[in-house]
Amino acid sequence: MTTTDADLEVRAATQQDLEWIYGLRHRVYAEELNQHAPTPSGQLRDGLDGDNVYLVVAAGETPIGFVSLTPPWAGRYGLDKYLTRDELPVLDSDGVFEVRILTVDPAWRGSGISTLLMYAALRWIASRGGRTIVAMGRADILDMYRAVGLVPTGRTVTSGAVDFEVMTASTSALTAMAGVPYRAILTTLEADVTWRLDAAFWPRSDGCEHGGASFSAIGTGFQTLQRRDEVVAADVLDAWFSPAPAVLATLTENPSWIARTSPPTDADGLIAAIASARTLPTDALTVGAGSSDLIFRAFGRWLTADSRVLLMDPGYGEYAHITERVIGCHVDRFRLYREDDWRIDPATLAAAVESGHYDLVVVVNPNNPTGRHAPATELRAVIEGSPEATRWWIDEAYLGYVDLAQSLADLAASDPRVVVCTSLSKMFALSGMRAAYVVAEPSVTADLRRWTPPWPVSLPAQLAAVAALSDPGYYHDCWQRTHELRAKMAAELAGLDDELVVDDGVSNFLNVVLPIEGPSAAEFVTACRRHDVYLRDLSPMSSQYEGRTVRIAVKDAEENARIVAACRRVLSAHRHA
Ligand SMILES: Cc1ncc(COP(=O)(O)O)c(C=O)c1O
């Protein structure tokens, strides 16, 4: 049989598929390979079956191959039966998914089904924040595993009459292989196969999951702009409130002049306005077209592929993107735990920074996506005690929702190791404008300014930002009102299902952990889109989200009600499916 002969489908196993899987396992591992003793039921089950996820390839209605995945939240792996963690320490790393029992119906062997199953496993794992794959594969087909990028660890395991090799690879290395040497094969498979996984067939071309999918409904070519009033864009953390009245007045007063006029070259007036609003010296400031511009400019200048970087996990995805994927730095994760309420433990962080010899540590405070805030005093003490060679990047994009008095800007203005980045997007309702600033010691800002092109911030953005900063009272009220809106939405969401957990935060978003028996976060987000409600699936950001956590931005009362209604409908449809 060949893959082009049949209508192939890739799916997560159904209950019926599971019965077939246990039967095929018996045929192959008991009858054919003598790994296990045959059972009278003709079925072979596994102690991990309840925790494993099985992906299946079917030809028409008939399943023809499967692979078993054990996620980290199962709490144990199949390999634990054979090897201690000292023998296989990789199992103790973060975000490890185990791939086992890749099995193809004998009639379909050699037809590329295993490649398809391996790729499906990779996409499913990557979509759940998996960083490392550990695979237990039969030694007699080691070449096949090697060919897809898995690397033998040197550990072998014998079970019954079968020898297995333990192999590993990072999901990013396997994704890179899929994108180049396997691209042609996968493109052909994509055309032949009905892909029913909740993970997309292809990763995004830059490998980074950005927010902003709601623009796919509005149309990035702006042909259907009226859709902006129909779509609830709760997938990005843009402000739910309007910019201050003075901002709207200045932008509408003479749009023709604004559009055709070059802005002040170095944004001196904007810098002066920030200095005055934040009580900082002007030479401690540099501006950019959003923090993203500043992040790329600064990191591109400071870091190389030899640099060592520490990121919080979970944390804002763009930092991993630029450090790990764009620059190619060595990146470690400082793991935050749900059980600790996602708190950054200062002593543990201090020890990690001390021993890690990092060039850069990034802390987003309050953190996105955990929604937690680390008290400034704690963070300041860790920074002050950290090694001289370590630079700190503190991202305060959401600090206004907590208290601007918690800022580390004063420390940044005097300590060359510390930089504070503040976006005007979310706190000042200026996401579309693109304006942000960094606070740093003057020698650091001088260097960044040298590497800043002229006119880094557009004229509308400079005008809007200066006007916004002149009305702190307006924004303070908006930030306070955000807490009331969030609390109301949190209570309504919590009431939708006893098994749903609202993981509340301190700024303009909250997270929802979906019931274990409910839809996956990816399915949930897709289903909500049918109601024009856009939410963010957090699963690819960290395996701690277990594929069932969504982030929801706080919007105005009416839109929040639409969000709750969409969530209610989707959960209820799933219950009755
Ligand atoms: C923590 C954090 N930093 C920076 C940004 C990007 O902000 P900007 O619009 O200034 O580029 C975001 C956007 O979501 C964010 O969450």
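**View 1. S542 in its loop.** At 1% relative accessibility, S542 counts as buried, where buried means under 20% relative accessible area, exposed means over 50% and partly exposed lies in between, with a 1.4 Å probe and protein chains only. The residue sits in the loop between β20 (536-537) and β21 (549-553); helices (H or I, at least four residues) and strands (E, at least two) are DSSP runs, numbered from the N terminus. The side chains of S542 and D313 are joined by a polar contact of 3.4 Å. A polar contact is a pair of N or O atoms within 3.5 Å; within protein, one must be able to donate a hydrogen and the other to accept it, and residues adjacent in sequence count only if both atoms are side-chain atoms. With neighbours within four places in sequence left aside, S542 is in contact with R128, G129, D313 and P314, contact being heavy atoms within 4.5 Å.

The model is predicted: local features need pLDDT of at least 70, side-chain atom pairs count only at pLDDT 80 or more, and totals for chains, interfaces and linings use all residues. Residues are numbered from 1 along each chain as its sequence is written, and side-chain values use heavy atoms, with hydrogens and water left out.

**View 2. The chain as a whole.** The chain has 19 helices and 21 strands. Its radius of gyration is 26 Å, close to the 25 Å that the globule rule gives for 577 residues, so the chain is as compact as a globular protein of that length. The radius is taken over C-alpha atoms, and the globule rule is 2.2 Å times the number of residues to the power 0.38. Along its principal axes, the C-alpha trace spans about 80 × 50 × 45 Å. Of the 577 residues in the chain, 55% are buried. Among contacts between residues at least 6 apart in sequence, 73% join residues at least 24 apart. The chain exposes about 24000 Å², and carbon and sulfur atoms supply 52% of that area; accessible areas come from the Shrake-Rupley method with a 1.4 Å probe, and for residues only the protein chains shown count as cover.

View 3. The ligand is surrounded by 13 residues, of which the closest are S291, S292, D395, Y398 and S425; a residue is near a molecule or strand if one of its heavy atoms lies within 4 Å of it. By class, this shell has 4 nonpolar, 6 polar and 3 charged residues. Ala, Val, Leu, Ile, Met, Phe, Trp, Tyr, Cys and Pro count as nonpolar, Asp, Glu, Lys and Arg as charged, and the others, Gly among them, as polar. A backbone N or O atom of S291 lies 2.6 Å from an oxygen atom of the ligand. For S292, a side-chain N or O atom is 2.6 Å from an oxygen atom of the ligand. K426 has a polar side-chain atom 3.4 Å from an oxygen atom of the ligand. Taken alone, the ligand exposes 400 Å², and the protein buries 94% of that.

**View 4. L150 between a helix and a strand.** L150 lies in the loop between α3 (142-147) and β6 (151-159). It counts as buried, at 3% relative accessibility. L150 and T168 are 18 residues apart in sequence, and their C-alpha atoms are 5.5 Å apart in space. Beyond its neighbours within four places in sequence, L150 is in contact with residues including M118, I133, Y145 and T168.

**View 5. V353 in helix α12.** V353 is part of helix α12 (residues 346-356). This valine is buried, with a relative accessible area of 1%. Leaving aside neighbours within four places in sequence, V353 is in contact with L310, Y358, V361, S386, P387, T390 and W392. V353 and T265 are 88 residues apart in sequence and 39 Å apart in space, C-alpha to C-alpha.

View 6. Most residues other than glycine have a negative phi, and most peptide bonds are trans. N365 and P366 are joined by a cis peptide bond with omega of about -5°, and a cis peptide bond with omega of about 15° joins N368 and P369. P366 is found in the loop between β13 (360-364) and α13 (376-384), and P369 lies in the loop between β13 and α13. F222, not a glycine, has a positive phi of about 65°; its place is in the loop between α6 (214-218) and β9 (232-233). D532 also has a positive phi, near 65°. D532 is found in the loop between α18 (521-529) and β19 (533-534) and counts as buried at 16% relative accessibility.
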